[in-house]
Amino acid sequence: FEDIVQSATQKRSPHLIVYYLNELVASFHSYYTQYSRTNPILGSEPNTLAARLILVQALRQVIRNALTLLGVSAPDRMESPSESDDDV
C-alpha cells in the first residue's frame, strides 16, 4: 500500500489508489467466498480465527487509510432512513 501511495503521489494520479483498492477488495472477496463454501471464514481453531481476524483488521485499516487519502467518508455502518426523510 505504501508503494502505491508513493507512486500515486509522485505521478499525481489518485486513481492508482482506487485501482489498488478495487484489486484488494476483489482478492479478499475471492478468499472469503472460497472459505465460506467449504468452511466458515473464521474457522474453528483458535489460531485460524486469530489469523483471519488480524487479516480482516489489516484490510479494514488499509481501506480506511486509502479512503481518507482520497477524501471519501466511510461510515462504520449504514443507517436506515428515518420516517421524516420519506416525507421530503
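I began with Ser-13, which counts as buried because its relative accessibility is 13%, where buried means under 20% relative accessible area with a 1.4 Å probe, protein chains only (over 50% is exposed, in between is partly exposed). This is a predicted model, so local features need pLDDT of at least 70 and side-chain atom pairs count only at pLDDT 80 or more, while totals for chains, interfaces and linings use all residues. Residues are numbered from 1 along each chain as its sequence is written, and side-chain values use heavy atoms, with hydrogens and water left out.

Where does Ser-13 sit? I found Ser-13 in the loop between α1 (2-11) and α2 (15-38). A polar atom of the Ser-13 side chain lies 3.1 Å from the backbone oxygen of Lys-11.

Next I looked up the whole chain. I get 4 helices and 0 strands, with helices taken as DSSP runs of H or I, at least four residues, and strands as E runs of at least two, numbered from the N terminus. Along the sequence the pattern reads α-α-α-α. Of the 88 residues, 12% count as buried.

Then I turned to α3. This helix covers residues 46-70, 25 residues in all, and spans 36 Å from its first C-alpha to its last, close to the expected 36 Å; the expected span is 1.5 Å times one less than the number of residues. Which residues of α3 are buried? I noted Arg-52, Leu-59, Ala-66 and Leu-67. Just after α3, Gly-71 takes a positive phi of about 80°.

Key
A polar contact is a pair of N or O atoms within 3.5 Å; within protein, one must be able to donate a hydrogen and the other to accept it, and residues adjacent in sequence count only if both atoms are side-chain atoms.
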